[in-house]
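I opened my notebook to look up a few places in this structure. My entries follow in the order I made them.

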Amino acid sequence: MTVTSKQLANAVRALSMDAVQAANSGHPGMPMGMADVATELFTNHLKFDPSQPRWADRDRFVLSAGHGSMLIYALLHLTGYASPTIEDIANFRKLHSPCAGHPENFELAGVEATTGPLGSGLATAVGMAIAERHLNATFGSELVDHRTWVVAGDGCLMEGINHEAIGLAGHLKLGNMIVLWDDNRITIDGAVSLSSSEDVLARYAATNWHTVSCDGHDPADIARAFEEAKADPRPSIVACRTIIGYGAPNKQGTSATHGSALGTDEVAAARTFLDWSAEPFVVPADIKAAWAAAGARGASVRSAWEARLVASKHRAEFERRMAGKLPASFSLDAYLQDLIAHPQKVATRKASEMVLAPINDQLPETLGGSADLTGSNNTKTKSQAPLTADDYSGRYIYYGIREFGMACAMNGMALHGGVIPYGGTFLVFSDYCRGAIRLSALQQQRVVYVMTHDSIGLGEDGPTHQPVEHLMSLRVMPNLDVYRPCDVIETAECWALSLEKTTGPSLLALTREALPQVRTDVSENLSAKGAYRLKPATAARKVVLIASGSEVEIALATAEKLEAAGFGADVVSMPCWERFDAQPEAYRDGILPDDALLVSIEAGTTMGWERYVPAPGLRFGVDGFGASAPIEALYAHFGLTPEAIAPKVMAALQN
Ligand SMILES: Cc1ncc(C[n+]2csc(CCOP(=O)(O)OP(=O)(O)O)c2C)c(N)n1
Ligand SMILES: [Mg+2]
């Protein structure tokens, strides 16, 4: 007897409800509702090979509705991925099971993206689809030609990020992207109609998407919709009309199935309803075999692709880029030597643009962009042509005013591989994309955030544009390296470090205003230490002035005043806290000795500086919102001048 697609889908339903029941925690409704749609996708459409989960030309599948994590765990297991095992699934949501509450990209090879924050997965998928088109334009269809599939719920479509993401995807005509909408009309609070009455498909159509609907429980109808979506040159959304918790006879169709175990009685009733008599975590042999056969579909396609790769003239470069390795010859030495010969007083945003020239020339994998602040963020170099719907080979993306959309897309590009994304906005708007920065860090992805206008130093635009708490709040985030370089040399060093870090994002906080070149030695990347002695005390050391970015210049001038009064003063430039914290204790103690008065100067919140500058040290900064005025007036107003700081330091020293 041949196994029916209903039986295949019921295996997904059974594993999902049983795992949630065993954990007594989780979300059975979504996987049970979308089991038929997912079965059609994984058995007949998705290009993948469980024996080679990282095969570069696989289709990408993103479960944007991450709460339905059991859907992907069941699919990966059933199609033959080495992990998760059935034991992993039985240990769903328990410590050390790769079957975590929400899908985590670092836990399972078949999980392309960490999802859970609704809408982010879909927006991440846009970046994957962009990377695919860009690499297709670079390496050709014989090496790169795949789709990005997304399963999204009502929540993913309701979130604001959805608007940014689909606007970008529609504009760029990403026909390789297909969203499968779990149109079950239920969210946690109850019916979608409690809070929403919008015509979702009309909104997608208005954004240049192709739309199609199907009965999400009818395999033939699902297949019809998929074929239509695949054939259309626009990105597609397939509205799959489903019943949440399908198979649980007394609870299906209600929010009761959304986020809690069904209960033993209802699980038993579902077994009867679905005609599923197997014990929990047992899949009948014939159904198991049919799933395994579906998983084996891709092996021949993959080996044909491998043969093409071996024969391709692009092989070495393609493999290097997909491995995320910089070319062995990559070097900024010549650029740095030139700066030593011809020192520059420029804004660090300009310094970033300058160093991006040799970076972009040497690294064809960089994909730059800005959220409509290209001229302010200085993110575009001369050699970069725009990436457009007509020419995906371009290396610069005009993201529009979509900071969150940009950051999510960059995560998708990094996850896809083969490209290194960087993108700019004003530092103050890091808040707009903070959720995505967090996901870069959590997912351990190399994304470089170029955040300019990094303090009150931006001047007249005033408090709405002047970051105050942002630097510190970003430093709090695990696995994000926050850099605030003080001159043109440090900017180049910080860029190099950001590109070299393959296990997480970096953020460059850059000035609008010009800063003098204070570094005269480039024999070592001193920014790599996080903090270093830029100027040692001349007189006997009494004080150490610690500053970052634009305040290093102020610290140097303050030190001059102190030295003139006979107080020896070190100046420490501290471009990166995270890197400094990673240095050996002896190094850190040497830079911040306990026999000198420690003083921090940074045009941002002082909360946090206690870490390096405990009492009786002094902390100079900005603890309220900024103000609208020319830069000189602002620094004077907030007491961040050598004239204001030096007397306070001397008073403390004389106490
Ligand atoms: C940004 C964000 N806000 C809130 C939540 C909490 N949350 C998880 S699922 C959910 C409801 C989602 O509804 P829907 O997408 O329709 O999923 P379904 O109930 O149909 O499975 C909410 C509010 C979240 N995960 N992410
Ligand atoms: Mg729903």
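**Entry: Thr79**

I began with Thr79, which I found in helix H3. The model is a predicted one, and I kept that in mind throughout.

Is Thr79 buried or exposed? Its relative accessibility is 3%. Buried means under 20%, so Thr79 counts as buried.

Next I looked up where its side chain goes. A polar atom of the Thr79 side chain lies 2.7 Å from the backbone oxygen of Leu75. The side chain of Thr79 also reaches the backbone oxygen of Leu76, at 3.4 Å.

Then I listed its contacts, leaving out residues up to four places away in sequence. Thr79 touches Phe42, Phe48, Pro50, Trp291 and Gly295.

**Entry: cis peptide bonds**

I moved on to Pro84, in the loop between helix H3 (69-79) and helix H4 (86-90). The peptide bond from Ser83 to Pro84 is cis. I noted an omega near 10 degrees.

I looked up another cis bond, the one that joins Ala615 and Pro616. Here omega is about 10 degrees. Pro616 sits in the loop between strand E19 (597-601) and strand E20 (618-620).

**Entry: positive phi**

Where is Asp372? I found Asp372 in the loop between strand E9 (366-370) and helix H16 (374-377). Its phi is near 70 degrees, a positive value in a residue other than glycine.

Asn378 was my next stop. Asn378 lies in the loop between H16 and strand E10 (396-398). Phi of Asn378 is near 55 degrees, again positive in a residue other than glycine. I also checked its burial. Asn378 has 9% relative accessibility, so this residue counts as buried.

**Entry: nonpolar cores**

Which residues touch the most other members of the largest nonpolar core? This core has 69 residues, and the answer is Leu122, Met177 and Leu507. Helix H5 (residues 120-139) gives the largest share of this core, ten residues.

A second core is separate and has 55 residues. Among them are Leu46, Leu63, Ala225 and Val283.

**Entry: ligand 1**

I finished with ligand 1. Which of the 15 residues around ligand 1 come nearest? They are His67, Gly155, Asn184, Ile186 and His258.

I looked up polar atoms beside the ligand. A polar side-chain atom of His67 is 2.8 Å from an oxygen atom of ligand 1. For His258, a polar side-chain atom lies 2.5 Å from an oxygen atom of ligand 1. Gly116 uses its backbone: a polar backbone atom of Gly116 is 2.8 Å from a nitrogen atom of ligand 1.

How much of ligand 1 does the protein cover? On its own, ligand 1 has 590 Å² of accessible area, and the protein covers 74% of it. Helix H6 (154-158) and strand E4 (186-187) are the elements that give two or more residues to the shell around ligand 1.

My last note was on residue classes. The shell around ligand 1 has six nonpolar, seven polar and two charged residues.

Note on methods
Residues numbered from 1 in each chain as written. Chains lettered and ligands numbered in written order. Predicted model: local features only at pLDDT ≥ 70, side-chain atom pairs only at ≥ 80, totals over all residues. Heavy atoms only, no water. Core = buried A, V, L, I, M, F, W, Y, C linked by side-chain atoms within 4.5 Å. Buried < 20%, exposed > 50% of the residue type's maximum accessible area, 1.4 Å probe, protein only. Helix = DSSP H or I, 4+ residues; strand = E, 2+ residues; numbered from the N terminus. Near = heavy atom within 4 Å. Polar contact = N/O pair within 3.5 Å; in protein donor to acceptor, adjacent residues only side chain to side chain. Areas by Shrake-Rupley, 256 points an atom, 1.4 Å probe, with all protein chains shown as cover. Nonpolar A, V, L, I, M, F, W, Y, C, P; charged D, E, K, R; others polar. Contact = heavy atoms within 4.5 Å.
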